[in-house]
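Work through the exercises below with the sequence and the model side by side. Try each task before reading its solution.

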Amino acid sequence: MTAPVGLPLWLLAELTYRCPLQCPYCSNPIDYAQYKDELTTAEWFDVFDQARQMGAVQLGFSGGEPLVRQDLEELVAYAHKQGFYTNLITSGMGLTEARIASLKEAGLQHIQISFQASDPTVNNALAGSKHAFEQKYEMSRLVKQYDYPMVLNFVIHRQNIDQIDQIIDLCLELEADTVELAICQFYGWAFANIEGLLPTKEQVVRAERITNEYRKKIEARGIKCKLIFVVPDYYEERPKPCMDGWGKIFLTVAPDGTALPCHAARQLPMDFPNVRQTTLKDIWYDSDSFNHFRGDEWMPDMCQSCPDKERDYGGCRCQAFMLTGDAKNADPVCGKSPYHYLIEEARVNSETPTPFEELRFRNPKNSKRLSMSQEQLIPTRMVTD
């Protein structure tokens with residue numbers, strides 16, 4: 001059955017793949033360095049115009065690190081004028097009080113800052129910058145002072161999950177309104193480092209328990225802080241409704257103008273259209289790539305007959321491709337998938353992880369990696385069951 005095509009309500013503008021950090025879980029493509037021909041300011045204006053005319057209401061500015069674009073304030077101002085709700089997704093590197101003020105004046109409504117860890121040593125080792133934690137901490141304070149919603153993001157993984165209580169304490173110290181504790185989703189660099197980043201089931205259960213305990217404490221104290229805990233697919237038996245369905249709500253435009261139904265789709269062996277050659281309207285409604293996994297006609301028989309297909313839309317196509325080599329296969333996360341054994345093998349492998357020193361970092365030539373001993377990866381306060 002072919003599903004009716006909805007509106008691209010959420011536009012993600014990946015302004016650049018450039019970034020001063022080296023995170024080993026970066027969601028950018030492994031071959032990101034190949035895509036250097038970034039859209040110009042005027043080209044982004046045109047993208048915003050087209051998306052708004054099609055019904056897009058939310059606009060996220062991301063990267064890489066979007067702050068390396070010197071025209072960011074200009075882009076924000078234009079998008080705000082067009083009526084978008086604008087959100088900056090940033091590492092905080094390159095942010096200053098002057099830029100916070102200018103972004104506020106331009107009409108930016110939301111800033112989300114990411115940390116690597118609550119411990120400065122761990123944070124800086126993962127980020128590849130001696131002063132990353134200090135910068136993020138200071139900018140988080142300033143974002144709060146400028147009356148933005150305080151939204152913090154921590155990608156949780158093997159190297160920081162046992163510090164979950166300290167991470168939440170840091171968020172409370174910074175008076176965060178919303179905290180996303182998202183256990184690493186394994187795409188891009190994270191997939192290349194899965195054996196060093198995937199936590200064990202026991203670690204995930206412990207982290208979720210501690211998060212729930214903090215929720216009760218926060219509610220009892222009347223503190224306004226929402227904790228969002230995202231369990232990795234690898235410890236689920238049902239696939240997630242990836243992007244709420246392929247080409248259903250989300251539209252990503254990559255730095256070079258390639259249009260994607262999600263930020264990870266570039267790795268698929270498909271020809272995705274470019275906004276420099278095709279209008280957004282034609283891309284969204286008529287392109288082969290955006291229609292490829294809409295509805296359920298593409299699904300294998302076992303998914304076609306599954307009563308959950310209207311809820312999970314067949315799961316993640318990128319995950320199916322990464323793990324099985326064919327994006328049409330049933331998502332291996334699904335307990336009914338013939339490829340579920342691949343998920344089970346990954347769980348077993350998590351018991352003997354690759355050490356920190358063997359992780360593949362995003363910018364090994366551009367960002368000097370800091371050394372970190374195994375002792376420094378051990379949390380200073382463990383909560384025992």
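**Exercise 1.** Which side chain meets that of lysine 309 in a salt bridge, and what is the N to O distance?

*Solution.* Before starting, note that this is a predicted model, in which local features need pLDDT of at least 70, side-chain atom pairs count only at pLDDT 80 or more, and totals for chains, interfaces and linings use all residues. Residues are numbered from 1 along each chain as its sequence is written, and side-chain values use heavy atoms, with hydrogens and water left out.

Step 1. Apply the criterion: a salt bridge is a side-chain nitrogen of Lys or Arg within 4 Å of a carboxyl oxygen of Asp or Glu.
Step 2. The partner of lysine 309 is aspartate 296, at 2.9 Å from N to O.
Step 3. Helices (H or I, at least four residues) and strands (E, at least two) are DSSP runs, numbered from the N terminus.
Step 4. Classify the residues by relative accessible area: buried is under 20%, exposed is over 50%, and partly exposed is in between (1.4 Å probe, protein chains only). Lysine 309 has 17% and is therefore buried. Aspartate 296 has 4%, so this residue is buried as well.

**Exercise 2.** Which parts of the chain does the salt bridge between aspartate 308 and arginine 238 tie together?

*Solution.* 
Step 1. The side chains of aspartate 308 and arginine 238 meet at 3.1 Å, N to O.
Step 2. Aspartate 308 lies in the loop between helix 12 (301-304) and helix 13 (309-312), while arginine 238 lies in the loop between strand 7 and strand 8, so the bridge ties together parts that are 70 residues apart in sequence.
Step 3. Aspartate 308 is buried because its relative accessibility is 14%. Arginine 238, at 30%, is partly exposed.

**Exercise 3.** How many salt bridges does a search of the whole structure find?

*Solution.* 
Step 1. The search finds 16.
Step 2. Take one further example: arginine 206 pairs with aspartate 162, and their closest N and O atoms are 3.7 Å apart.
Step 3. Arginine 206 is in helix 9 (residues 201-221) and aspartate 162 is in the loop between strand 5 (150-156) and helix 6 (164-173), so this pair ties together parts 44 residues apart in sequence.
Step 4. With a relative accessible area of 6%, arginine 206 is buried.

**Exercise 4.** Which residue other than glycine has a positive phi near 55° in the loop that holds methionine 243, and where is the cis peptide bond?

*Solution.* 
Step 1. Methionine 243 itself has a positive phi near 55°. This residue is in the loop between strand 7 (226-230) and strand 8 (250-253).
Step 2. Aspartate 244 also has a positive phi, about 55°, and lies in the loop between strand 7 and strand 8.
Step 3. Methionine 243 counts as partly exposed at 25% relative accessibility, and aspartate 244 counts as partly exposed at 36%.
Step 4. The cis peptide bond joins glycine 63 and glycine 64, with omega about 20°. Glycine 64 is in the loop between strand 2 (58-62) and helix 2 (72-81).
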